[in-house]
Amino acid sequence: MAKTTKKETTDKKNEPKADTKRSWKLSKQQKFVLGCLLVLFSIALLVAFISFYVNGQWQTDQSAVSHLEDRTEVVQNWLGKFGAYLADLIVYKGFGIASFIFVRLFFLTGLFLALEMSTKKLKGTWFWDLFAIIIVSVLFGFFATSAPELGGTIGYELNLFLQDYIGKTGTLLTLLFGLIVYLIFKIKVSPEKIQSYFDSTKNELKSELDSIKKQQQHQEPESAYNLEEFAIEEEDPELDNIHLKKDDTKFEINKEALKPTITNSSEIDLNPILKPVEMNINPATEAPVHHNEEFVIEKAEEEDIIEENLASRLVADFGLFDPTLDLSNYKFPTIELLKEYSTGGITINQEELEENKNKIVDTLRNYKIEIAQIKATVGPSVTLYEIVPEAGIRISKIKSLEDDIALSLSALGIRIIAPIPGKGTIGIEVPNKTPTMVSMKSVIGSAKFQEAEMELPIALGKTISNETFVVDLAKMPHLLMAGATGQGKSVGLNAVLTSLLYKKHPAEVKFVLVDPKKVELTLFNKIERHYLAKLPDTEDAIITDNAKVVNTLNSLCTEMDNRYSLLKDAMVRNIKEYNEKFKSRKLNPEAGHRFLPYIVLVVDEFADLIMTAGKEVEIPIARLAQLARAIGIHLIIATQRPSVNVITGLIKANFPARIAFRVTSKIDSRTILDTQGADQLIGRGDLLYSNGNDVIRVQCAFIDTPEVEKITDFIGSQKAYATAYLLPEFVGEETGINLDMDISERDTLFREAAEIIVNAQQGSASLLQRKLKLGYNRAGRLIDQLEAAGIVGPFEGSKARNVNILDLSALDQFFNNEQN
């Protein structure tokens, strides 16, 4: 009873604090009003400061400032007595001309509040601008001692204070050090950038001077009059051109030097002090305190978007042979073709984080599990709470509380990772109440994707830590995508294809697209002669008829065998080494060698393909999955549930890379990933990626149909190859079996076998094996003879053959008719 009373007392003490904290939080309307007030105040400061320096008004208003209560007093400031007072206080008695930086600070602060933008960058702006105000004020106080209005009273007095202790030289060195710190940390000036700038300028000037000297040498045989005329021309237009070129070069160098830097700080420290110990709280941290726990919440920074598609200028060095020569003017799709869906990036709801954290801590405490530390990482759709339990707590005990934590949080799906691989923590993934959509533009435009040095880079989306997730298809080497209907598989396929279109030239990659639904991948028909591959004498490159899939897969197997023969002749082990050798002109095209593009086979709704074609599809898929990696053929297969009858163990073993969208049961999750977790996803592109080691949660980038149409229209409108990439011609075996129709050569057990088949109404060789105790070969011959006689129907894949005779009386009549 004593413990309960103590707990109730503690809760009562904490409740008023929480309520008091909530009452100080500004509403949206209050923020907007305060922001507008600060913007207008900054404009008023600007007017007052400018009029302070115009026509020396600071001198005329100096005496009037001390008598502002006198309404008859006249001032020259454009903002009246209030402006004169502000200018005297902030400029003359303050920081001098450096006070103009205050105008910028108040304007930005008001703008951020009015538009409800992130205040993290604003904190850095305040710090560095205040730093600059002090440095600039002291600088003017040091150099302009005769003009006190430039440095202000504070700058002048700080300068004298420093000179009294470290002298003029020490003061100057201190100011120089402050400038260096500001340039390095704020302006991002580095020694490498300075050196590269001077080197490039020096080289440019040297090249221009060399060109002038060559022109002079060329003019030397001419008359003196011509030399004078040349000298006159050199003084006027040529030197101007030189300066112009120099300036242009300078601009280009600075543009290249300012590459975007990606910083990510989405981790939020939620360090609960669950026991009465002393806290070291940073006074600069402003966060609500509840249950004596400390919060340090930082918003995840959005990655810089590179507006230009780097693939268009990061052209590979192909040596002597350039495979892109046929389409040398090909232009990669621009970033502007994609739509930006998210406007303000990830928004952190501090109250939601506080509430979820308290519920997690309380739920675990109810089961006598104490927490030493807790930290939150906010992602686009999910927040990861990393907890460190007290010593002696069993991990399995926390993992078993998954449903209890989900109940207390009232969340759609809670996923517990115990422990997180590579960390000594336990992860609890909680969906955000307001998830953020990840646009394909933000992923494609990220520096991580644009500067990725991969053979087949794929940008899937963003992780929980808000980092762009980029993987290499060439190293997977095949990808299996699965998930329930409507959870994002088709959008994921479009994201994969779009990533490759933005990075690879049509000469470097080809797609073989299989679309049983006939509506998902047909958008890519417009780029048939650029990127697609097909069989000869085939109208459509995108395969929608399952009957044609078998021929295409067998053709890919033939292409695989042909490529392995080329690798053998070239004495290399993989396609990368082969293409490098071919581009270096070390392989003879007359001997059959050619540049080999990567081939990506994409199959949507693989289960439907297996149901209709069965073994005829399974065998070539298994061959490609096992052998095709080294010669550049990669498979991407999408299905709803990769059960054993859809994807056999032989195929599944060769698909170490798996993507699982949301499924309905733990069994389905284990079928896809060999572990649970996919049943706890929240849908709408939420996925788990596994490549045999760790399981990574990713929010798939969203790309809509109009965006895909814009990209394919942009590519399709350009010059293309004469035809699509042609695969080897494949002539399938005859579908009918040439059976012996001679009755005299039938098996002695033919009639008995016919009776068994008619009785069972099931035409299968295994039935004859069991009933007649035969081997497989003889039972198979009997089935062939029964098919030739018309008793059973033809082979239909995994289905049993149809029996054409209904009963034994009809069978007797059949034999009587044969004898007659």
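Strand E9 (residues 479–482) and strand E14 (residues 657–660) run parallel and are joined by four bridges, where strands are DSSP runs (E, at least two residues) and helices are DSSP runs (H or I, at least four residues), numbered from the N terminus. Within this pairing, leucine 479 stands opposite alanine 657 in E14; two strands pair if DSSP finds at least two bridges between them.

This is a predicted model, in which local features need pLDDT of at least 70 and side-chain atom pairs count only at pLDDT 80 or more, while totals for chains, interfaces and linings use all residues. Residues are numbered from 1 along each chain as its sequence is written, and side-chain values use heavy atoms, with hydrogens and water left out.

The two strands belong to an open sheet of nine strands with mixed pairing, in the order E8-E7-E16-E15-E14-E9-E13-E12-E10. Strand E8 (468–472) and strand E10 (509–514) stand at the edges with a single partner strand each, so one side of each has no neighbour in the sheet. From one strand to the next, the twist averages 30 degrees.

## Helices across the sheet

Helix H20 (residues 606–613) lies across strand E12 (598–603) and strand E13 (633–639), running at about 90 degrees to E13; axes are lines fitted to C-alpha atoms, for helices over the stretch in contact, and angles run from 0 to 180 degrees between N-to-C directions. Helix H21 (residues 615–627) also lies across E12 and E13, and runs at about 125 degrees to E13.

Leaving aside neighbours within four places in sequence, phenylalanine 606 is in contact (heavy atoms within 4.5 Å) with residues including Val617, Ile621 and Ile637.

## Helix H25 and its surroundings

In helix H25 (residues 750–760), Phe750, Ala753, Ala754, Ile756, Ile757 and Val758 are buried, meaning under 20% relative accessible area with a 1.4 Å probe and protein chains only. These buried residues pack against helix H26 (765–772), helix H27 (776–789) and helix H28 (808–819). Glutamine 761, which follows H25, has a positive phi near 55 degrees.

Conventions. Buried < 20%, exposed > 50% of the residue type's maximum accessible area, 1.4 Å probe, protein only.
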